[in-house]
Amino acid sequence: MSKPGPESGARLLDELRAALARYVILPSAEAGDAVALWIAATHAQPAWQHATRLVITAPEKRCGKSRLLDIVETTCHTPLITVNISPAALVRSIGKDPPTLLLDEADTVFGKKAADNHEDLRGLLNAGHQRGRPYIRWDAAQRRPEHCPTFAMAALAGIGSMPDTIEDRAVMVRMRRRGPGERVQPFRTRRDAPALHKLRARINGWMRHHLDELGDAEPTMPVEDRAADNWEPLIIVADAAGGAWPDRARQACRTLTDAAAEDTSIGVRLLADLRTVFGDAEALHGATILERLHKLDEAPWSDWFGRPFSARDLAKTLKPYGISSTKVKVSGQALQGYRRDHLYDAWSRYLPPEQAPSGTPGTSGTMQVTASPKVPVPDTQTEPEPVTTSMSCEVPQVPEVPDASRCAVCEQPLDPALAAAGETTHPMCDGGPE
């Protein structure tokens with residue numbers, strides 16, 4: 001048997017990508033590429049330092065998230081699917097060559113009503129994102145601590161958002177309901193699973209054949225920090241497969257990472273809105289801040305869980321950023337409030353740089369006149385260049401018309417008789433007798 005080369009890897013990814021498109025309408029081509037790469041990466045988990053999560057969310061029911069999870073289950077490495085699992089059962093299901101954890105209906109586990117009851121499970125999923133973060137428990141029978149591995153790739157599907165700490169460790173795919181003209185093939189396990197199982201076996205064989213190569217790879221990443229940790233296994237798979245996949249993987253990485261960056265936490269949202277309400281003010285009373293927050297369009301502050309955002313909510317949300325209220329004097333009145341210089345550090349760390357204003361401070365409707373970039377003009381252009389008028393522009397000198405009543409040499413008045421005779425100079429100025 002000939003050794004599989006990069007072309008065979010690219011072909012396997014193409015087949016997997018086509019299978020996804022056959023049964024599921026994905027929100028974008030980049031999302032489809034990301035899911036295909038994630039599925040392939042599950043077959044080489046011993047090679048990775050980070051176990052990327054795949055989070056599949058939807059705003060409503062019937063958006064295809066469970067169907068997508070069905071295809072993931074049929075093609076990923078050793079799927080372990082559940083709608084709920086205890087921390088003890090989870091850690092005892094993970095070994096050196098871990099299964100792929102699949103959690104459907106995750107919104108029932110991590111929703112607002114149930115989240116407090118599943119903090120241990122959330123903590124295990126977060127710890128399992130990085131290798132070498134075991135779950136340690138006391139074994140009463142053996143009278144010694146037991147170290148249980150947590151490292152395993154996991155996919156979660158549910159309606160709405162997942163906990164921020166899980167989404168921060170994930171590739172996010174936000175599903176949507178099929179449009180009127182979008183059609184997919186119904187998925188039937190008895191009919192369709194055997195072919196997908198064969199594809200899974202071929203992918204597994206190719207990935208295991210390149211396991212050492214995958215583990216040693218250090219790809220060039222288009223993103224940094226946590227996003228780079230999440231996407232590194234997918235980029236490595238794409239580079240090993242070759243073909244068009246290295247470019248497609250990096251494009252998917254940039255697109256989905258940018259989309260995820262727009263979905264900020266409530267704390268970052270508050271920091272951004274505070275920068276808006278402060279404007280150029282050096283300090284504001286707390287009541288003024290809240291009044292302005294409540295008036296912001298499309299902001300959550302006027303209806304914060306059925307009531308307006310309060311001073312206590314403001315203080316509690318800002319506390320993790322090291323920001324606290326203080327006495328500030330505004331318009332001669334000293335009340336509890338916040339200072340701009342106390343907020344600036346958090347703004348610089350958690351928000352993108354503020355865009356330069358488009359108008360004069362305080363008069364947003366005033367247009368600023370700036371120098372226009374020079375545009376090269378073709379040599380063949382024959383149209384006259386535009387005339388720019390300003391206070392300092394030079395006006396071409398126009399020759400003056402001679403005054404017939406004055407001498408053209410000394411400019412003194414001529415004798416009317418000389419002027420009538422057509423003379424233009426005095427006789428003396430013309431070289432005549434004095």
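Helices (H or I, at least four residues) and strands (E, at least two) are taken here as DSSP runs, numbered from the N terminus. The model is predicted, so local features need pLDDT of at least 70 and side-chain atom pairs count only at pLDDT 80 or more, while totals for chains, interfaces and linings use all residues. Residues are numbered from 1 along each chain as its sequence is written, and side-chain values use heavy atoms, with hydrogens and water left out.

A cavity is a set of points, on a 1 Å grid over the protein atoms alone, where a 1.4 Å probe fits but cannot get out; lining residues have an atom within 4 Å of a point. Volume is the space filled by probe spheres set on the points, which are joined across faces, edges and corners.

The largest cavity has a volume of about 100 Å³. Strand E3 (100-103) gives the largest share of its lining, 3 residues. Strand E2 (79-82), helix H6 (119-127) and strand E6 (154-159) each supply at least two residues as well. The lining divides into 10 nonpolar, 1 polar and no charged residues, where Ala, Val, Leu, Ile, Met, Phe, Trp, Tyr, Cys and Pro count as nonpolar, Asp, Glu, Lys and Arg as charged, and the others, Gly among them, as polar.

The second largest cavity contains about 50 Å³ of space. Its lining includes Gly9, Trp206 and Met207, and helices H1 (6-23), H8 (189-209) and H10 (225-241) each supply at least two of the lining residues. By class, this lining has 8 nonpolar, 1 polar and no charged residues.

Note on methods:
On a 1 Å grid over the protein atoms alone, a cavity is a set of points where a 1.4 Å probe fits but cannot get out, and a pocket is an open set with protein on both sides within 12 Å along at least five of seven lines; lining residues have an atom within 4 Å of a point.
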